[in-house]
Amino acid sequence: MAQLSKSTKKIEIADLTVRYDGLEALKGISLDIYENEILGIIGPAQSGKTTLLKTINRTIEFEPSAEVSGSVSIDGTDIQSIRNVNQLRRRIGMVFPLPVGLPMSIYDNVAFAPRTAGIRKRSELDELVERCLKQSALWDEVKDRLDSLGTKLSGGQQQRLTIARALSHQPEILCLDEFSIAVDPVTTMRIEDILKELRSQITIILVTNLVQQARRLADRTAFIFESKLIEIDENDVIFSDSPAHKLTYDYVHGNFG
Amino acid sequence: MKIVTNVFHQLERWCEPVIEGIIRLCGISAIIFVFGIFFFVFREGMGFFFGGLDLVEFLTSPEWYPSSLNNKRYGVLALIAGTFSVTVLAMVIAVPFGLGAAIFVSEFCGPKLKETLKIVIELLAAIPSVVWGFIGLTVMNALIIKIFNVPIGLTMLNGGIILALMSVPIIVSIGEDALKAVPDSYREAAEALGATRWQVIYRVLLPTAKNGLLAAVLLGVGRAVGETMAVLMTTGHAVNMPTSPFDSVRTLTATIAAELGEAAVGSDHYRVLFIIGVLLFTITFIVNFVTDLVIKGIREKA
């Protein structure tokens, strides 16, 4: 089963170049992401990892100075040709480096996206909120205070809340951008367990500054360095003693970066 | 070099408490000034307040005849109604316009237009109130007579529109600050969840910035209640319980401004004007106090 789904391409990125004010943040990136895999993306800061995620859900369009060329397709459809950008964004869950609990109740945080999509029925929302909070392993801690402010949760709880929120619109793709940067190791491990459970249902792009995290979680890992894709391959290859590029070996083994 | 450092150390040791004292004084001075103003205004009117003035009549009678020869009456209800009606009308116009403009400037317009708009709005705020009064007296007056086919254009409507125009710049600039203070990460998060521009605004930005926006509106109210010259010139300055926007009215502030110069110092008339001052002071105090309570209430609920 796993092998079969691996053959289906979920996202195809072809010759993607992004410039901010003429400065290249991504240079000619081409890679495919398979359905229901976890793709790790590693690389030092400022190498363009976040830009890649922003391009996929087209939030890059909020940066007035950004210029995108090349193409990104999801399920074979070029995302630029998608008229309703909000619908596209609802297919992609996004988790940011710093937990962003929106200034509303825990319940409203999770119900935000379903509501914007037009779901009004209380029973339906109740069910959805409970399911997402359970998926993000937060339900037991907050089930008695769903009405309290989301921003009052601890950092680790807020990050799980944002994961619940990212799952609330039942996305096909979940992007995580260095989610563990502001959370403690215990929470990090819990979130990693969540991701392992989600693996079978959803395509996950895991941008991480922790090489070991990619090693633990990902099926395949891409190494981006100085805006260029150096190498993408199965984890067995990337983390072996002989990846295709020496640069990859050096980065993975902590010789630089 | 060492000596110099030493001297600085000495200086620092002596300066610290002095500077601290000065800063403390600056802070306390605000309280002193407020109480001082209240005290001096009240002192001028005190004699009449405790002897002669019928407080019930003062607050409930619309009869304002302070210079009648044989039957002086001091009822300010019509003046309160004037201030109140003009302020409410101004806010009805200014709040949607002001908040709408604040949202536009903060969320929708490009950087170049934003700069231009901000400069123009600040310019608008800097126009002296007498100029606004002049515009009301000439332009608005003629317009109202023409459009609504009424005999006189110096009315509550005129004053309300002019006051609205004067309050909008304040509401816009404070409101825009409040919206700007909402972290971009909220916008990003909401947009990544597939919310449209408008959904981001009314589900995330407005609730987050509500305290600041409320403050913006109340500063506008404060401006409208306290404004004197423009309303004096535009409302017709007739003591009158208003029944429609096309009635002339007179406000508390305009009464003080117009009559204080004519009242004999120390007379009942003179002193009652100071009591009106105290009344204005009390109204603004209540407005501020209620605002505080409302904001606190919002905070606790949230």
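This is a predicted model: local features need pLDDT of at least 70, side-chain atom pairs count only at pLDDT 80 or more; totals for chains, interfaces and linings use all residues.
Start with chain A. Eleven residues of domain 1 of chain A and 15 residues of domain 2 of chain A make up the contact. On the domain 1 side, helix α8 of chain A (residues 185-198) gives the largest share, with four residues. That side of domain 1 of chain A holds seven nonpolar, one polar and three charged residues.

The largest nonpolar core counts 115 residues. Residues from chain A and chain B are named among those with the most contacts inside it. From chain A come A:Ile41, A:Cys175, A:Ile205 and A:Leu206; from chain B come B:Leu163 and B:Ile171. Helix α6 of chain B (residues 156-180) supplies the largest share of this core, 14 residues.

Which residues does A:Ile41 contact, leaving aside its neighbours within four places in sequence? They are A:Lys49, A:Leu52, A:Ile205, A:Leu206, A:Val207, A:Ala222 and A:Ile224. A second core of 15 residues is separate, and includes B:Tyr74, B:Val76, B:Ile256 and B:Ile276.

Now turn to a helix pair in chain B. Packed helices are described by the angle between their axes and the distance between the axes. Helix α3 of chain B (residues 77-108) packs against helix α9 of chain B (residues 210-226) at about 145°. Their axes are 9 Å apart. The crossing of α3(B) and α9(B) is right-handed. From α3(B), the contact uses B:Thr83, B:Thr87, B:Ala90, B:Met91, B:Ala94, B:Val95, B:Gly98 and B:Leu99. From α9(B), it uses B:Leu213, B:Val217, B:Gly220, B:Val221, B:Ala224 and B:Val225. Sorted by class, the contact of α3(B) with α9(B) has ten nonpolar and four polar residues, and no charged ones.

Last comes the contact between the chains. Here 17 residues of chain B touch 21 residues of chain A. On the chain B side, the elements giving two or more residues are α7 (184-192) and α8 (197-208) of chain B. The largest share of that side, seven residues, belongs to α7(B). What classes of residue form the side of chain B that touches chain A? Nine are nonpolar, five polar and three charged.

Notes. Residues are numbered from 1 along each chain as its sequence is written. Chains are lettered from A and ligands numbered from 1 in the order in which they are written. Two residues are in contact if their C-beta atoms, placed from the backbone, lie within 7 Å. Ala, Val, Leu, Ile, Met, Phe, Trp, Tyr, Cys and Pro count as nonpolar, Asp, Glu, Lys and Arg as charged, and the others, Gly among them, as polar. A nonpolar core is a set of buried Ala, Val, Leu, Ile, Met, Phe, Trp, Tyr and Cys residues joined through C-beta atoms within 7 Å. A residue is buried if 20 or more other C-beta atoms lie within 10 Å of its own, exposed if 12 or fewer, and partly exposed in between; C-beta atoms are placed from the backbone. Axes are lines fitted to C-alpha atoms, for helices over the stretch in contact, and angles run from 0 to 180 degrees between N-to-C directions. A crossing is left-handed if the near helix is turned anticlockwise from the far one by less than a right angle, and right-handed if clockwise.
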